[in-house]
Amino acid sequence: MATLEKIRSKSVFLIIVIGVALLAFIIGDALTNSRNILGDHTTVAKVGGTKIDYTDYLRQRETLNNKYEEARRQNPDQMANFDMQLLPQMALDQLIQETVLNNASDKAGIRSSANLLRYYMLENPRNQNVMELMQSLQGAGIAAQTPAQAYDIIFNPKRNGLTDAQVEPLQRAWLAAEKETETQIRQMIYQRLLMGTVRSNELDRKALYNDYVTTQQVDMAYLPFGNLTEKEYPVSEKDLKAAYEKEKKLFAVDQDTRDIAFIAVTVNPSDADRKACSALADQTVKYMSENPGALSKEIKKEGVSLSHHALRASDIPAGALKDFVVSGTGADSVSTNNNVALVNMGVGGFTVVRRGTTTTAIDSIQLNIVSTATEDLGKKVMAALNGGLKADSLINRYSTDSVSSQLNQWIPLYTADGATNAISTQQLDSLRNAGGRFIALQSGPQGALLAQVVKQNAPVTIYDYEEASYVLGPSNATMSAEREKLEKFLATNNDASKFIAAATKAGYSLQEYTVTASTPAIPRFQGMNQYYPDSRQVMRWIMIDAEENTVSHIYESKNPTSPVLYAAAVKYIYDDFKPMRNNNVRTYLSDKIRREKAGDKLAQKFSKNTQSLQSAAGAMGVNVTNIPSFRFGHNAGVNDAAVTGKISGTQANKKVILAKGLDGIYVYQVMGTKKENFPFNDQMYEQQYNQLINMDWISMLIGTGKVKNNIYKFEGGD
């Protein structure tokens, strides 16, 4: 590690150290100011009696943001539709889970051993901060290829040519990572212990096996209820109240909940806007054909942007644009000098292209690249390489701490975004004129970068062109008209009941939802993870500022092509049980009451026809169905769980039995039973048992305690 002696004075390392300290100071000062503003109200959520502080939330939020940015860089297409409004609740959900597990592991007295901590810090690191520390060292030119090497450098600075002051921030960061890892280990141990407490025994597995291999031969007549109308099966308030009290536990909520009505108005360009767009396209074509260079101030003021491109033919987007740039064809509207064309005109705007010159260039080159820790060493290595030393033999002569190589690397000089500038024109000329020898691309106190040409592609044609683009969206006049219309509606319908009653008549599409503080934004559809853009701001009003039966002001999602205006009304607020007046509750109860009434009516009607299955089927007007292998829990012939259980518990005595279901009336006979000759597989039924149990460990640990979610007080969106 002798080369580390020369790194002590490196400015990059000092900048990193100073930056870490400065960042900690800024964050600490910001959080102090936040506490002064908020007083003691820094609790983002409360789980039972445990508070989750805003500072912990900020750290978790930053971690998720970093993961998102990394995922977006690696998989831009996959992450293109990710809704950033999900991140706040995702961060809080993780903190809630960690809090619950920490509390449980503390009560259980679980601790991490030194050996486990060493394993998960040095040998198999679980904490992302350890990897970031290694990257910081590597970025400063310090070779730390493993966590163990990083630990040695950080905690033995003098042996590695560093001072205590230089590594002090890194030591604090390492110790913080150890503390986090210790917590993770405790959580992992507890989860494993917890999962081990719920396991099947031999009787459980045998019961599942017997349910599968035991089959019944069942003859059945089934009459579905069909359409259950209010006229035929009326449901009174008394019926609803009795059913609600009976099934009230089904409607329990574990946090503050709101029933809301919501209007979203997407504002589209008007006919006048589209006509103005067409005129602007003609104006742009005329100006670009008569004037080289930039667009006029007037055209730019209208929102037309000009971009310059120099691309290979394979990288130019296919269609009229490519046809015109490459061959001068394919455009409907072309200038008199055949140099400028309108290549796209549609509902989203227009594109005008001005053709430029064509050149030839090498689009990629294959290099052997060698880097050295010092300038002098770079000269020695280059002399050795040009003297006959093979590049792949460097590892045998020089330490990997001082010399590293990347052999046969293809360097793209042009991509779909144009020239990469990976190598300057001067460097490229030097490489091509070196006759296969190594040259120094860079050299200085920080070290040397050497390169040798291995192979280069043949030159390709580069097409130079300028692209003027305009995105058509509603004009200010169109937006103002839609906003004024919605404002008039809200002024007249200024409470929830009026808002709901008048929305459809006024031409608005009304949606009704049940939301909580854990709802990331306004959903496009109830129960689906798709949300209206920028609608967290509406959720903040709903959860923080709104009172029951109130209506919001207008919120806006600003988008150049399709901005959206939002308004919401809060119908009901509750935190224990969904009330009987809740639409979903009333619908559920009304449907169940009607089904029960229909079942009672049909059971009474056909009970006198159960002398035989054929007579019952005839009276019901249906055919008899034979089910040769009726299995409990594995049967597609009956969709009603209660009826399935009743049939499975019936003896094979061929007695005709009438049963009410939630979907219709059943009359059946169990004609016989048999056992299939399937071998017993212990592991398979263990898996089936776990799937049936499907424990929600976090909910189980939270128990009857509620989660108080204050996220919208801190992060409500724009």
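**Close-up 1. Packing around the buried residues of helix 18.** In this predicted model, the buried residues of helix 18 pack against strand 4 (257-266), helix 17, strand 16 (510-516), strand 17 (550-551) and strand 19 (564-574). Those buried residues are Ala496, Phe499, Ala502 and Ala503. They cover an arc of only 150° around the axis, so they sit on the same side of helix 18. The arc is that of the directions from the helix axis to the C-beta atoms. Buried means under 20% relative accessible area, exposed over 50%, and partly exposed in between (1.4 Å probe, protein chains only). Contact means heavy atoms within 4.5 Å. Helices (H or I, at least four residues) and strands (E, at least two) are DSSP runs, numbered from the N terminus.

Residues are numbered from 1 along each chain as its sequence is written. Local features need pLDDT of at least 70, side-chain atom pairs count only at pLDDT 80 or more, totals for chains, interfaces and linings use all residues, and side-chain values use heavy atoms, with hydrogens and water left out.

**Close-up 2. Helix 17 against helix 18.** Helix 17 (residues 476-492) and helix 18 (residues 496-503) pack at an angle of about 130°. Their axes are 9 Å apart. Axes are lines fitted to C-alpha atoms, for helices over the stretch in contact, and angles run from 0 to 180 degrees between N-to-C directions. Helix 17 and helix 18 are therefore oblique to each other. Angles under 35 degrees count as roughly parallel, over 145 as roughly antiparallel, 65 to 115 as roughly perpendicular and the rest as oblique. From helix 17, Phe489, Leu490 and Thr492 meet Lys498, Phe499, Ala502 and Ala503 of helix 18. The residues of this contact divide into 5 nonpolar, 1 polar and 1 charged. Ala, Val, Leu, Ile, Met, Phe, Trp, Tyr, Cys and Pro count as nonpolar, Asp, Glu, Lys and Arg as charged, and the others, Gly among them, as polar. Ala491 also belongs to helix 17. Ala491 is exposed, with a relative accessible area of 57%.

**Close-up 3. Strand 16 and its pairing with strand 4.** Strand 16 is mostly covered, with 5 of its 7 residues buried. Strand 4 and strand 16 run antiparallel and are joined by 7 bridges. Two strands pair if DSSP finds at least two bridges between them. Ile263 stands opposite Leu510 in strand 16.

Close-up 4. Strand 9 (residues 364-372) and strand 14 (residues 447-456) are joined by 8 bridges. Ser371 stands opposite Leu449 in strand 14.

**Close-up 5. Two loop residues with positive phi.** Most residues other than glycine have a negative phi. Asp534 has a positive phi, near 55°. Asp534 lies in the loop between strand 16 and helix 19 (536-545). Asp534 is partly exposed, with a relative accessible area of 35%. Lys654 has a positive phi of about 65°. Its loop runs between helix 22 (641-648) and strand 21 (657-660). Lys654 is partly exposed, at a relative accessible area of 48%.
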